[in-house]
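Subject: Structure handover

Hi,

Here is the structure I promised to pass on. My notes on it come below.

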Amino acid sequence: MSLEQKINYQLNKYPGIKKHIKRGYQRMMYALSKKIKSEGNIVRVSPDDPEHEYFFGYYDKSPWDGTGRYMLCMRAKDTWTEPDPLDEAEILLIDTKDGNGFRVLAKTHTWNVQQGCMAQWMGPDYSSQILYNDMRKGRYCSVILDVKSGEERVLPMPAYTLSEDGKTALSLDFSRLHSLRLGYGYAALPETTKGQALPDGTAIWRMDIETGEVTPILTYKDFAEFQPRSEMQEAGSVHKVNHIMLSPNGKRFMVLYRWFCGQRKYTRLITCNVDGTDMYVLSDDDMVSHCYWKNDEEIIAFERKKEFGPGFYLMKDRTQKWTHIWPQLSNDGHPSYCPTDDSLVVFDTYPSRSRIQEVKLGRDNDTEGSSVKTIVKVFSPFKYDNDTRCDLHPRWSRDGRKVCFDSVFEGHRGLYAANVEHE
């Protein structure tokens, strides 16, 4: 762990102070650094429109349809003032074979700057229907929209993760998430668990896409009482869940279970059957952030192993077997696997001391770090920082030939793509 990371780790206990120290340090280092706007074979996908902000959302979903011709994109007026805005945003369909022309598919009232409105193509063909979250009749919901006919079907809960066959979704409390993690929840409705450190209620729901039936599968107490640690039992410790992701076959899911003791944050990576059974603590070293299923049995994650430090680890589900890959890397990023090459991973970096972000490729069978290469570098203006930052969130095209990412190097959010050469 570098000196910067050690200082950052200590400052996590004092987030208000950390924000000001980090900003001052970055401004000083930026003034001394070489200025870069962008590097790489970058192509803008969204319109060159400084009056609006364009982006897709999170790294665990692809904006491309099954043919590779059409891409989903969001458009909003302001993504730098509030992390969970109350203004509506538009969902666009971009035609990459027709000069990147677009049409507006829908509008949403539930979105945030990190994950958008969870807009995504529905499997298994990813060709005609999309799902996105919205608010209808005063309630959060998800909407299935046929992009050709315009017909829609409203489901009773918003979706956080959707199975590849398009039959099952999992959900959580987006209002509680807004209260405890800005930039990931929805602000339109009040939190019903406000003031409850450990709510006596459901934490994760399962929804049948075909019938709309919703089933509670896990409570907050299920997490707090499973292989409990002393920190979970501290008076006033606050509990939440986030980052649910279904396995490729839809039979298991992973979730980050987090609890806060004062300013100290603890995170467990837990896997579970889709019905809530067979819960397993895959990582319990206090810090784990961004994860991705390699297949139905393996998960890549950025975490801090107590004995080995921060880095990317490839873990086998329901075991304590893991491999530390790319040992020279100790900074967080968002990893995802190429759909056509099961060892190739794309991931990004947060802004460096000179405000440069990168998109990188690496092989997960590489324990020396020699496979890692940078394919994109972009500048991140100070306007987009902290809770309204613009993470790159790189995502694969379904043929594995391109990655796309959100960026602000041209002064406003845009959706960009870069070609990938396989070795």
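Predicted model: local features only at pLDDT ≥ 70, side-chain atom pairs only at ≥ 80, totals over all residues.

Residues are numbered from 1 along each chain as its sequence is written, and side-chain values use heavy atoms, with hydrogens and water left out.

**Cavities**

The whole structure was searched, and three cavities of 30 Å³ or more turned up. A cavity here is a set of points, on a 1 Å grid over the protein atoms alone, where a 1.4 Å probe fits but cannot get out; lining residues have an atom within 4 Å of a point. Grid points are joined across faces, edges and corners, and a volume is the space filled by probe spheres set on the points.

The largest cavity holds about 100 Å³. Its lining has 16 residues, with Y58, Y59, H243, M245 and C291 nearest the centre. Strands β15 (238-246), β16 (252-261) and β19 (287-293) each give at least two residues to that lining. Helices (H or I, at least four residues) and strands (E, at least two) are DSSP runs, numbered from the N terminus. By class, the lining of the largest cavity has ten nonpolar, four polar and two charged residues. Nonpolar covers Ala, Val, Leu, Ile, Met, Phe, Trp, Tyr, Cys and Pro; charged covers Asp, Glu, Lys and Arg; the others, Gly among them, are polar.

The second largest cavity holds about 40 Å³. L172, D173, R176, L177, Y220, K240 and V241 line it. Helix α3 (174-180) and strand β15 each give two or more of these residues. Four residues of this lining are nonpolar, three are charged and none is polar.

**Pocket**

The second largest pocket has a volume of about 740 Å³. A pocket is an open set of points with protein on both sides within 12 Å along at least five of seven lines. Its lining counts 27 residues; D60, Y126, E164, Y292 and R398 lie nearest the centre. Elements giving two or more residues include β7, β15 and β19. The largest share, three residues, comes from β23. The pocket lining splits into 13 nonpolar, seven polar and seven charged residues.

**Cysteines**

How many disulfides are there? The count is zero, taking a disulfide as a pair of cysteine sulfur atoms within 2.5 Å. Take C338: the closest cysteine sulfur, in C404, is 13 Å from its own, too far for a bond. C338 is buried, at 4% relative accessible area. C261 is buried too, at 14%. Buried means under 20% relative accessible area, exposed over 50%, and partly exposed in between (1.4 Å probe, protein chains only).

**Sheet**

An open sheet of four strands runs in the order β7-β8-β9-β10, with antiparallel pairing. Strands β7 (120-121) and β10 (152-155) stand at the edges with a single partner strand each, so one side of each has no neighbour in the sheet. Two strands pair if DSSP finds at least two bridges between them. β9 (residues 139-146) and β10 are joined by four bridges. I144 stands opposite R153 in β10.

**K34**

K34 sits in the loop between α2 (15-32) and β1 (38-39). Is K34 buried or exposed? K34 is exposed, at 67% relative accessible area. K34 and S354 are 320 residues apart in sequence, yet 7.8 Å apart in space, C-alpha to C-alpha.

Best wishes
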